[in-house]
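Hello,

Here is the structure for your files. My notes on what was found follow below it.

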Amino acid sequence: MQVVLIAPFLMRFRLCANTFGGEVGRALREAVTAAVPGFSPQADGPDSPLLFDYHMSTGGSRLSGKRTVGTVDLEGAGLLWCRFEPSGYCYVMQTVEVPDKEEMHRRERELVERVNPHIARWTESVSEHMLATGLVDPVEGAEMDPGRLLWWHRVLMDPPRGQEPGATRVYGVERQIHDDAYVRFGDGFTTLVRLPRHRINEVLEGVMAATSEWIAVDEANRLVSARMLGLNDTRWNRVADVDRQFTASLKLSKDLALRDMVRLEESRYTVNAGAVVVDAAMERWAMDRERGVLEVQLQSLRDILDFHRNMTQYRRDERRNRLLFVFTAIALFQSVLVWYDFAHESNNTLGPAERLAVVSAIAVLTVVVVVSSLAARRRE
């Protein structure tokens with residue numbers, strides 16, 4: 001039984017909204033070449049840009065930079081196919097021949113033991129190089145663990161019925177690719193039935209695209225949830241703290257929007273069997289529901305920050321109005337003293353009657369101004 005093992009792993013950086021374009025892709029290629037001994041990069045694509053039937057996202061590359069794809073031969077693990085992406089989502093893949101599921105799982109455990117130390121070194125070296133360029137952002141701490149294989153997704157090609165896992169045979173989402181060729185997508189497994197060998201690369205591309213979508217949405221949910229929990233530690237009576245939280249949440253929204261733009265652009269070029277696999281994965285993993293949860297969380301975060309921002313502004317205005325009242329009262333008290341001194345001062349050209357008339361007129365005008373202001377405010 002032929003099985004393709006695919007495992008994602010994460011870098012310590014993520015694509016940010018402050019940089020766009022090929023600079024990230026070129027820096028990533030340099031970092032991978034320096035960090036992975038014996039890495040043999042694959043060609044980016046055809047030399048002629050007029051080959052319209054070559055489906056490759058040029059818009060996504062302009063937004064995020066090109067991915068770096070190639071092979072590396074590791075002692076004890078064999079030949080591995082590797083893909084490093086500017087988003088920080090990376091993959092290793094290997095095709096194995098196994099007689100049954102038990103041998104497949106044994107081979108997986110061996111690969112994890114032999115490959116994980118290399119993955120850790122690659123992650124540290126590539127991440128350090130990329131972060132030093134300033135083109136990407138460091139992870140915020142709420143994501144899944146970087147620097148190790150996260151899980152295996154197994155693509156089984158025409159397995160005997162007794163060897164097909166229940167994840168695809170019983171619970172999988174089945175789609176027809178063409179004629180009598182089918183794909184059944186399940187958690188951790190994908191079964192291909194009567195699919196020509198030259199179409200397998202399309203399926204693998206679809207599995208990786210769906211996995212990247214799942215990781216991105218899950219990671220975004222983790223980040224937003226962590227940000228909402230962190231709001232409990234914010235001192236809402238300080239405007240600077242509120243503004244800092246507001247700015248951080250705005251940057252998070254921009255970064256997530258950029259990543260969505262890149263994924264949507266690249267999804268347009270996931271065609272044929274790959275598109276069928278992505279569609280089955282989205283149904284099996286209920287991605288529409290997960291995206292809806294993410295939108296609700298983002299909106300809730302924005303609403304909470306807006307509320308606290310308005311409350312902080314209200315409290316600041318209240319303190320300002322209290323200070324204005326105090327200073328106004330002090331000025332009024334001083335005015336009363338001046339009037340009293342004016343009314344009783346003997347060293348004055350005006351007589352007592354005239355001084356009393358002046359003071360009385362000023363007092364009446366003051367009362368009129370205060371009463372009219374209070375009446376106008378009540379009408380409002």
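Gly 186 stands opposite Phe 189 in strand 11. This is a predicted model. Strand 11 (residues 189–193) runs antiparallel to strand 10 (residues 181–186), and five bridges join the two.

Both belong to an open sheet of nine strands, ordered 3-4-5-6-1-8-11-10-9, with mixed pairing. The edges are taken by strand 3 (40–41) and strand 9 (173–178); each has a single partner strand, so one side of each has no neighbour in the sheet.

Helix 3 (residues 101–133) packs on this sheet. The strands touched by helix 3 are strand 1 (2–10), strand 4 (68–74), strand 5 (78–84), strand 6 (89–97), strand 8 (153–157) and strand 11. The direction of helix 3 makes about 30 degrees with that of strand 1.

Thr 68 counts as buried because its relative accessibility is 1%, and the cut-off for buried is under 20%. Apart from neighbours within four places in sequence, Thr 68 is in contact with Gly 25, Leu 28, Arg 29, Val 32, Phe 39, Cys 82, Arg 83 and Phe 84.

Leu 323 lies in helix 8 (residues 287–344). With a relative accessible area of 49%, Leu 323 is partly exposed, since exposed requires over 50% and buried under 20%. Patch membership requires over 30%, so a partly exposed residue such as Leu 323 can be included.

Regards

Note on methods. Residues are numbered from 1 along each chain as its sequence is written. This is a predicted model: local features need pLDDT of at least 70, side-chain atom pairs count only at pLDDT 80 or more; totals for chains, interfaces and linings use all residues. Side-chain values use heavy atoms; hydrogens and water are left out. Helices (H or I, at least four residues) and strands (E, at least two) are DSSP runs, numbered from the N terminus. Buried means under 20% relative accessible area, exposed over 50%, partly exposed in between (1.4 Å probe, protein chains only). Two strands pair if DSSP finds at least two bridges between them. Contact means heavy atoms within 4.5 Å. Axes are lines fitted to C-alpha atoms, for helices over the stretch in contact, and angles run from 0 to 180 degrees between N-to-C directions.
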